[in-house]
Amino acid sequence: MQLRLNAAFTALLAAALFGATTPLAKVLLGELPPFMVAGLFYLGSGIGLGVTLLVHRARRTAREKRDESRIQRKEIPWLLGAIAAGGVAGPALLMLGLAVTPAATSSLLLNLEGVFTAVIAWVVFRENVDLQIFLGMVAIVAGGALLSWQPGHTGIPLGAALVAGACVCWAIDNNLTRKVSTNDATVIACLKGLVAGTANLSVAFLSGAKLPAATITIAAMLTGFAGYGVSLVLFVVALRNLGTARTGAYFSVAPLFGVGLSIMIWPETPSLLFWCAAALMALGIWLHLRERHEHAHTHDPLEHTHRHRHDDHHQHEHDSEWDGTEPHTHPHRHVPITHTHAHFPDIHHRHSH
């Protein structure tokens with residue numbers, strides 16, 4: 001129970017940081033081209049997390065450095081795919097969509113990321129999604145459709161389609177990142193930030209854009225460090241403990257933080273359609289948050305490295321002397337075990353049903 005609460009809080013904090021970034025990006029778009037904003041956000045994320053890693057590594061003991069998890073060669077394709085989808089294509093589509101879409105509307109449309117994440121996890125990666133998760137997805141999709149609909153117009157508005165496209169990219173990113181989520185979350189987020197930032201800035205410079213004033217550059221990079229960097233670290237940790245679909249569900253509250261900040265920056269009275277869409281999305285989020293999954297299940301033999309405590313799933317011996325410090329990191333092996341308890345498709349519960 002405590003693990004679930006901690007994991008849920010981690011996902012919600014990640015959502016708050018990311019959600020607040022959307023209206024701030026809208027402010028910066030008044031000064032900068034979309035690819036420049038995305039590039040500065042991600043580069044600020046990568047540099048900030050890189051500095052954090054260097055400081056943290058300098059404080060670690062020789063044993064901690066030896067036992068730390070490292071990204072395996074077989075995991076690199078998953079990480080590169082996640083960077084391409086979520087670090088390059090996703091933010092570029094979002095920035096283009098923000099340029100022609102009200103910030104509050106864009107913030108609520110970002111709820112679709114959780115839906116697309118769950119669908120891909122369910123259909124492609126065979127992660128379990130219960131009836132409540134499915135009904136929640138239906139409610140959020142309905143809200144997104146209402147939000148995108150404009151009376152008297154046919155088709156989907158371009159801005160809404162671009163924001164939805166960004167959500168698809170991030171959904172792919174989320175599912176691919178799950179494949180490497182046992183590794184250091186800060187390292188994963190740092191690599192994403194550096195590669196994605198460089199890619200987006202390159203596109204911006206090739207398009208004729210130039211760096212803005214130092215104050216705007218610093219503001220954009222600091223915003224990216226919090227909203228893309230720290231948020232992504234927390235999100236990866238939540239993926240490790242909740243699974244992809246559930247983490248996506250918790251992360252769906254991100255737009256609520258964006259909407260609140262948008263209304264403070266641009267005071268206006270939202271339309272009735274807006275509130276109907278918000279109510280549908282809130283219903284979907286509520287259904288996601290109240291879902292409970294419990295059944296008898298068997299753990300297959302598993303070997304991996306991650307930070308852990310000696311709980312019910314970690315009853316193992318140590319190859320070298322251990323001083324009793326927890327949590328700690330080292331390679332360890334899980335033996336087969338069958339039991340019943342409430343759980344989520346975390347790194348230890350990726351079984352079939």
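Where is Arg126 found? Arg126 sits in the loop between α6 and α7.

## Basis of the model

This is a predicted model, in which local features need pLDDT of at least 70 and side-chain atom pairs count only at pLDDT 80 or more, while totals for chains, interfaces and linings use all residues. Residues are numbered from 1 along each chain as its sequence is written, and side-chain values use heavy atoms, with hydrogens and water left out.

## The loop between α6 and α7

Helices here are DSSP runs (H or I, at least four residues), as are strands (E, at least two), and both are numbered from the N terminus. In the loop between α6 and α7, Arg126 has a phi near 60 degrees, a positive value in a residue other than glycine. Arg126 is exposed, at a relative accessible area of 66%. The terms for burial are set by relative accessible area: buried is under 20%, exposed is over 50%, and partly exposed lies in between (1.4 Å probe, protein chains only).

## Nonpolar surface patch

Val119, Trp122, Val123, Val124, Leu131, Phe134, Leu135 and Val138 make a nonpolar surface patch of about 710 Å². The elements that contribute two or more residues to this patch are α6 (112–123) and α7 (131–148). Helix α7 supplies the largest share, 4 residues. Trp122 belongs to helix α6 and is partly exposed, with a relative accessible area of 35%.

Patches are built from residues with over 30% relative accessible area and no salt bridge; like charges are joined within 9 Å, and nonpolar side chains (Val, Leu, Ile, Met, Phe, Trp, Tyr) within 5 Å. The accessible areas come from the Shrake-Rupley method with a 1.4 Å probe, and for residues only the protein chains shown count as cover.

## Salt bridges

Side chains of opposite charge can pair when their charged atoms come close. A salt bridge is taken as a side-chain nitrogen of Lys or Arg within 4 Å of a carboxyl oxygen of Asp or Glu. The count by this rule is 2 salt bridges.

One of them joins the side chains of Arg178 and Glu127 (2.8 Å, N to O). This pair links distant parts of the chain, 51 residues apart: Arg178 is in helix α8 (residues 158–178), and Glu127 is in the loop between α6 and α7. Arg178 and Glu127 are both buried. Another salt bridge is formed by the side chains of Asp173 and Lys192 (2.4 Å, N to O). Here too distant parts of the chain are linked, with Asp173 in helix α8 and Lys192 in helix α9 (residues 185–206), 19 residues apart. Both Asp173 and Lys192 are buried.

## Cysteines

A disulfide is a covalent bond between the sulfur atoms of two cysteines. With the cut-off set at a pair of cysteine sulfur atoms within 2.5 Å, a search of the whole structure finds 0 disulfides.

Cys169 counts as buried at 12% relative accessibility. Cys276 counts as partly exposed at 35% relative accessibility.

## Cavities

A cavity is a set of points, on a 1 Å grid over the protein atoms alone, where a 1.4 Å probe fits but cannot get out; lining residues have an atom within 4 Å of a point. Grid points are joined across faces, edges and corners, and a volume is the space filled by probe spheres set on the points. There are 2 cavities of 30 Å³ or more.

The largest cavity holds about 190 Å³ of space. Its lining has 14 residues, of which Phe18, Tyr42, Trp170, Asp173 and Leu232 lie nearest its centre. The elements that give two or more residues to this lining are α8 and α10 (214–242), and α10 gives the most, with 5 residues.

## Buried helix and contacts across the chain

Helix α11 (residues 244–251) has 8 of its 8 residues buried, so it is largely enclosed by the rest of the structure. Among the buried residues of α11 are Arg246, Tyr250 and Phe251. Phe251 and Leu13 are 238 residues apart in sequence, and their C-alpha atoms are 8.7 Å apart in space. Leu13 lies in helix α1 (residues 2–28) and counts as partly exposed at 35% relative accessibility.

Ala38 is placed in helix α2 (residues 34–59) and is buried, with a relative accessible area of 0%. The C-alpha atoms of Ala38 and Met221 are separated by 9.6 Å, although these residues are 183 apart along the chain.

Methods: 1 Å grid on protein atoms, 1.4 Å probe; cavity = no way out; pocket = protein on both sides within 12 Å on 5 of 7 lines; lining within 4 Å.
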